[in-house]
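Trainee: I would like to learn how to read charged side chains in a model. Could we go through one together?

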Amino acid sequence: MASQRFNLQSFLIGLIKFIFGVAIALLVISLAGAATARYFLTQLSTLPARPAYDNDAPAKGGDPAAAKPAEAPQADPSAAATAPDANASQPEAAEPETKALYQVVVTYGGGLLIRSAPRPDATGIDGIDYNETVDVLEESDRWYKIRTSSGVEGWVKGRDNTQRL
């Protein structure tokens, strides 16, 4: 019959293996959790690509082929040459451009909606992105009348969402 004596050395080696095994398992699980959390936080912190619509102004420095409008087919080149140029006969009346008071940069992360009037229920006419610089033309309480680099004028709630340059 085999000896069933208690061997202290075998017991301690088994206990150490168990403790190290549990510690390594916990370390692997925590590192996997940290890597997963970092992946999802990175994915959530980057903004998605801005959608492009047909009526958008062309992007600055973007793809020149994408910025070109679709060419309309011409019916007859000889008829186009004999037709009077409507734009040449009527000069455009230039509006006097309002002088900007100062410039601000948008600090609100989601950008700002340009409205037709200084009210929250006014119609949205355009938008400006985060970190974009605009000219302030007028102030009314927390609202700023602004002009973008593309020439769009409107009102934004700018007091806490912009920083003066």
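Trainee: How many salt bridges does a search of the whole structure find?

Mentor: First, a word on the model: it is predicted, so local features need pLDDT of at least 70 and side-chain atom pairs count only at pLDDT 80 or more, while totals for chains, interfaces and linings use all residues. Residues are numbered from 1 along each chain as its sequence is written, and side-chain values use heavy atoms, with hydrogens and water left out. Now the general idea: side chains of opposite charge can pair when their charged atoms come close. A salt bridge here is a side-chain nitrogen of Lys or Arg within 4 Å of a carboxyl oxygen of Asp or Glu. The search of the whole structure finds 3 of them.

Trainee: Which side chain does D121 meet in a salt bridge?

Mentor: D121 meets R119, at 3.2 Å from N to O. To place such a pair, look at relative accessible area: buried means under 20%, exposed over 50%, and partly exposed in between (1.4 Å probe, protein chains only). D121 counts as exposed because its relative accessibility is 62%. R119, at 43%, counts as partly exposed.

Trainee: And where do D160 and R142 lie in the chain?

Mentor: The side chains of D160 and R142 meet in a salt bridge of 3.0 Å, N to O. This pair links distant parts of the chain, 18 residues apart: D160 is in the loop between β6 (153-157) and β7 (162-164), and R142 is in the loop between β4 and β5 (143-147). Those element names come from DSSP runs, with helices (H or I, at least four residues) and strands (E, at least two) numbered from the N terminus. D160 is exposed at 53% relative accessibility, whereas R142 is partly exposed at 33%.

Trainee: Is R147 buried or exposed?

Mentor: R147 counts as buried because its relative accessibility is 9%. R147 forms a salt bridge with E153, the closest N and O atoms being 3.2 Å apart. E153 is partly exposed, with a relative accessible area of 33%.

Trainee: What is the nearest side chain of opposite charge to D135?

Mentor: For charge, Lys and Arg count as positive and Asp and Glu as negative; His and the chain ends are not counted. The nearest such side chain to D135 is R147, 4.2 Å away, and D135 is buried yet has no salt bridge. D135 sits in strand β4 (residues 133-140).

Trainee: Which side chain makes a polar contact with D135?

Mentor: A polar contact is a pair of N or O atoms within 3.5 Å; within protein, one must be able to donate a hydrogen and the other to accept it, and residues adjacent in sequence count only if both atoms are side-chain atoms. For the side chain of D135, the partner is the side chain of Q103, at 2.9 Å. Leaving aside neighbours within four places in sequence, D135 is in contact with A100, Y102, Q103, K145, I146 and R147.

Trainee: What pattern does the protein chain follow along the sequence?

Mentor: The pattern is α-α-α-α-β-β-β-β-β-β-β, with 4 helices and 7 strands. Of the 165 residues of the protein chain, 16% count as buried. Among contacts between residues at least 6 apart in sequence, 52% join residues at least 24 apart.

Note on methods
Contact means heavy atoms within 4.5 Å.
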